[in-house]
Amino acid sequence: MRPGQIIVLATPVFFLLMGIEFAVGRARARRSTGRDTYRLADAINSVGLGMLSQVSAVLTGLLRIGIYTAVYSAISLFPQEAARQFWTTWYGWLLALVFYDFCYYWLHRMGHESAVLWAAHVVHHQSQHYNLSTALRQTSSGALLGWIFYLPMAVAGVPPLVFGVVALVDLLYQFWVHTEQVGRLGWFDRWFCSPSNHRVHHAVNDKYLDRNYGGVLIVWDRIFGTFREEDERCVYGTRGGLRSWDPLWANAEVYWALAKDSWHARSWADKLRVWLKPPGWRPADVAARFPKPAFDIAKVTRYEPAVSAGVQWFAGIQFLLLVGCAVVFLWFSDLMPLSHSGVWLAALTAMLWAIGGVLQGRLTVTEVLLIEAAALATASAALGIGWLHHVFKPLAMSIAIVLAARRALAAGPVTGFDGLLVAGLVASLAGDVLLMGPAGMFVPGLVCFLLAHLAYIALFRIGVGLFPRPGALAATLLVGAAMYAFLWHGGLPAALRIPVGAYVVVIACMAAQAIGRAAVLRRTDPSAPWVAVGACFFMLSDSLLAINRFVMPMPLAQLWVLATYYAAQVLIVRHARRRASI
C-alpha cells in the first residue's frame with residue numbers, strides 16, 4: 001500500500017479528531033476555561049494546502065524516493081542483503097525511525113535558518129491559529145531540496161521501503177501535537193515532541209522564535225541548544241504575515257520576495273546570498289531602497305475577512321466535495337500516467353484557488369462555479385472522459401452568461417454594452433456545443449466563434465473608438481499573419497484557407513481592440529488590462545487549437561487549448577464592465 005493510500009485511510013481519523021478538538025474547544029470557550037481555536041476559512045485553507053501537498057507529492061515524491069533509491073543502490077556503505085537483514089529487525093526499524101528523526105531535525109532546523117528552505121517550509125507556519133488542521137498544512141515544494149538531508153540514511157544502507165515507512169510514521173506522529181487543548185505532560189515533554197513543545201515552535205514571540213525542531217524526539221533540541229519551554233501565551237503565524245487564503249500565493253510568497261530582493265541587489269554575491277542567508281536577511285542596498293517595517297508583536301492582527309454565513313456554507317460544502325475528489329484521486333493515482341496526475345493536480349489547484357477567493361471576498365459564488373466548471377471541462381477533455389466533458393463544457397459558458405446577465409441587471413437598466421457581452425458569450429456557447437459534435441460541425445463552430453469575436457470587438461470599442469492604438473493593431477495582425485503562414489505551410493486544407501484566414505484577421509482585431517482599450521482606460525479602469533490579457537489568451541488558445549488540428553498533434557492538447565480558452569472567457573466576463581458614463 002502506497003503512502004498516499006495510507007493518508008486516504010487516515011483522512012476520516014483526521015477529520016474525526018478535528019471534530020472532537022473543535023467540540024472540546026467550543027465547550028471550554030463557553031465555560032471560560034479555554035478557547036475555540038477554529039475558524040472555517042483558516043481550517044479550509046490549511047486542509048486545502050495539505051490536500052494540494054499530497055496531490056503534488058504524486059509528482060514530486062518520485063524525486064525524493066527516486067534519488068534516495070539511486071544513492072542507496074550506488075553508494076551504500078554496506079552490502080544490500082546484510083543491510084536489509086539488519087534494518088528489518090525490530091531494533092533496526094526502531095533505529096531507522098530515530099535515524100530519520102535526526103535527519104528531520106536538521107532539515108527542519110535548516111528550514112528556519114536558510115531562506116530558500118524557509119520558502120518551502122513557511123507554508124506550515126502561516127496559520128494564525130493552532131489546531132489539528134494546522135498539522136495538515138504542508139508545502140508543495142519541500143521535496144525539491146528536502147531529499148538532500150535524508151541521503152545519509154541511503155548511504156547507511158537503510159532500504160527504501162524502511163525509509164518510506166519510518167518517514168510516514170514520523171509524519172503521522174506529528175499530527176496530534178498541533179493542538180491547544182492538551183496542556184503540559186510532565187516527563188513526556190522532556191523526551192518527546194509534545195503539544196506544549198510544538199506550540200513554542202509555531203510561535204512568533206521573541207523568546208520562542210526558531211526553537212523546538214524535533215519531530216518525534218525533542219532530545220535533539222536539548223542536545224543542540226535549540227530547546228525552549230512554553231512559559232507565556234503563544235502568538236502564531238509568521239512575522240511576514242500571509243494575509244490571504246490563496247493556496248498558490250501561500251506556496252509562492254517567500255520565493256517571490258526572495259526573487260525580488262535578488263533581482264534588486266547590486267552585488268552578484270548578494271544575489272546568491274539572499275537565498276542562502278537566514279530568513280529576513282536583506283542586502284543593505286535593497287533594504288535601503290525597499291524598507292520593510294520592523295516586526296511588532298503588539299500590532300499583530302488576525303486575518304479574518306468578513307463574508308456572509310451563506311458564502312461560508314457554500315465554501316464549506318464545495319470544499320468537502322473537493323476533498324472527496326482528492327481522496328479518490330490519491331487512492332487511484334498509482335494507476336494513472338504522470339501526465340494524467342498532472343491534469344488533476346491543475347484542476348484541483350484551480351478549484352482550491354477559487355474557494356480561497358470567495359472566502360476572501362475577491363470572487364462571487366457564481367464566479368467560483370464558473371471556474372470549477374471550466375476546470376472540470378478542461379480536465380475531462382484532456383483525459384478523454386467524454387460524458388463529464390459533455391456536461392461541464394456547456395455548463396461553464398452557461399454560468400458565464402448567467403454571471404454577465406445578473407451583473408447587468410444589478411447595475412441598472414440594461415445597455416448595449418451588456419447586450420454585446422452576453423451576445424459574445426452566447427455565441428461562444430454555441431461554438432462550444434458545435435465543436436463537441438462531429439468533424440462536419442467544425443466550420444459552423446468556427447462561424448459562431450467568429451460572431452463572438454465580432455461582438456467583443458464592438459463591445460471593446462464603446463467609449464474608446466475603433467482601434468485607438470494603431471500600433472497594437474499592426475502587432476496583432478503581424479502575429480496573426482505569421483500564425484496563418486505557419487498553418488498554411490503545415491498543411492491547412494485548401495477548403496479552409498479562406499474561413500481560417502478570415503478568422504485570424506477577426507481575432508487579431510479583437511486582441512488589438514482590447515489592447516487599445518486598455519491603453520486608453522488604464523488610469524480610469526484598472527480592469528481593462530485584464531480584459532486585454534483575456535483577449536491575448538483567446539489568440540493563444542485558437543493558435544494552439546489550429547496547430548493541433550492542422551499541423552501536428554500536441555500532447556495533452558485539450559488541456560492547453562481549453563485552459564487558455566477558459567482563462568480568456570473568465571477574464572473577459574469578470575473584468576469587462578461598463579463605465580458610469582456609458
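I began with helix α20 (residues 416-435), whose 20 residues at 1.5 Å each should span 28 Å, and its end C-alpha atoms are 28 Å apart, in agreement. The expected span is 1.5 Å times one less than the number of residues. Helices here are DSSP runs (H or I, at least four residues), numbered from the N terminus.

The model is predicted: local features need pLDDT of at least 70, side-chain atom pairs count only at pLDDT 80 or more, and totals for chains, interfaces and linings use all residues. Numbering runs from 1 along each chain as its sequence is written, and side-chain values use heavy atoms, with hydrogens and water left out.

**Burial in α20**

I looked up which residues of α20 are buried (under 20% relative accessible area; exposed is over 50%, partly exposed in between; 1.4 Å probe, protein chains only). Among them are Phe417, Leu421, Leu425 and Leu429. Asp418 and Asp432 are also buried. I then checked the cover, by contact (heavy atoms within 4.5 Å). It includes α19 (386-410), α21 (442-461), α23 (497-521) and α25 (557-575).

**Surface patch**

Next I found a nonpolar patch made of Phe86, Trp90, Tyr91, Leu94, Leu95 and Val98. Patch members need over 30% relative accessible area and no salt bridge; nonpolar side chains (Val, Leu, Ile, Met, Phe, Trp, Tyr) are joined within 5 Å, like charges within 9 Å. Together the six have about 610 Å² of accessible area, by the Shrake-Rupley method with a 1.4 Å probe, only the protein chains shown counting as cover for residues. Helix α4 (residues 90-113) gives the largest share, 5 residues. Leucine 95 sits in α4 and is partly exposed at 40% relative accessibility.

**Salt bridges**

I used this rule: a side-chain nitrogen of Lys or Arg within 4 Å of a carboxyl oxygen of Asp or Glu. The count is 19.

Arginine 35 pairs with glutamate 180, closest N and O atoms 3.0 Å apart. Arginine 35 is in the loop between α1 (3-30) and α2 (40-75), glutamate 180 in the loop between α9 (160-173) and α10 (187-191), so the pair ties together parts 145 residues apart in sequence. Arginine 35 is partly exposed, at 26%.

Glutamate 113 is partly exposed at 30%, whereas arginine 109 is buried at 16%.

Aspartate 285 pairs with arginine 266 at 3.8 Å. Aspartate 285 is buried at 17%, but arginine 266 is exposed at 58%. Last, I noted that shared partners join Arg26, Asp36, Arg39 and Glu304 into one salt-bridge network.

Terms used. Helices (H or I, at least four residues) and strands (E, at least two) are DSSP runs, numbered from the N terminus.
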